[in-house]
Amino acid sequence: MKRVFENLINNSVKHNKRGTALFFSMKKEADTVCISIGDNGTGIPKELAQMVFEPFVVGDESRNSRQGTGLGLAIAKKIVEAHGGVIELVKFPKEGLSTEFRIWMYTDEE
């Protein structure tokens, strides 16, 4: 799971201007834990939003010397799913956020 958080945080830092704030929250409900990671940066273009978890997807602004492989979010999704969870890009982020990812993990507790 460490790799999941690293990938999400690194993407936020790499694809936003200096001074962008990161936001984290965690909430437990019954047998589920919801982890939210977001930022108030430039956001993910609508045309990429549905494909962000597919391998090799990168935004136009990242097609420069800082370009990644486009594998970070695909890897994050595989890791979360291997742990029995779900990761999603939130269509309408919380107020003040431009990008928000939610990770739902299931626990054995109720």
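## Basis of the model

Because the model is predicted, local features need pLDDT of at least 70 and side-chain atom pairs count only at pLDDT 80 or more, while totals for chains, interfaces and linings use all residues. Residues are numbered from 1 along each chain as its sequence is written, and side-chain values use heavy atoms, with hydrogens and water left out.

## Overall fold

The protein has three helices and four strands, which are DSSP runs numbered from the N terminus (H or I and at least four residues for helices, E and at least two for strands). Read along the sequence, these elements follow the pattern α-β-β-α-α-β-β.

Of the 110 residues, 33% count as buried, a word that stands for under 20% relative accessible area, whereas exposed stands for over 50% and partly exposed for values in between (1.4 Å probe, protein chains only). Among contacts (heavy atoms within 4.5 Å) with a separation of 6 or more, 54% come from residues 24 or more positions apart.

## Helices α1 and α3

The axes of helix α1 (residues 2-14) and helix α3 (residues 72-82) come within 9 Å and cross at roughly 150°; each axis is a line fitted to C-alpha atoms over the stretch in contact, and angles run from 0 to 180 degrees between N-to-C directions. The two helices are therefore roughly antiparallel to each other, a label used for angles over 145 degrees, with under 35 being roughly parallel, 65 to 115 roughly perpendicular and the rest oblique.

On the α1 side, R3, V4, N7, L8 and N11 meet G72, L73, I75, A76, I79 and V80 of α3. The residues of this contact divide into seven nonpolar, three polar and one charged, where Ala, Val, Leu, Ile, Met, Phe, Trp, Tyr, Cys and Pro count as nonpolar, Asp, Glu, Lys and Arg as charged, and the others, Gly among them, as polar.

## The nonpolar core

The largest nonpolar core holds 15 residues, of which L8, F53 and I103 touch the most other members; such a core is a set of buried Ala, Val, Leu, Ile, Met, Phe, Trp, Tyr and Cys residues joined through side-chain atoms within 4.5 Å. Two or more residues come from each of α1, β2 (32-39), α3, β3 (86-89) and β4 (99-106).

Leaving aside its neighbours within four places in sequence, L8 is in contact with I37, L73, I87, F101 and I103.

## Two loop residues

E95 is found in the loop between β3 and β4 and is exposed, with a relative accessible area of 83%. A30, in the loop between β1 (22-29) and β2, has a positive phi of about 50° although it is not a glycine.
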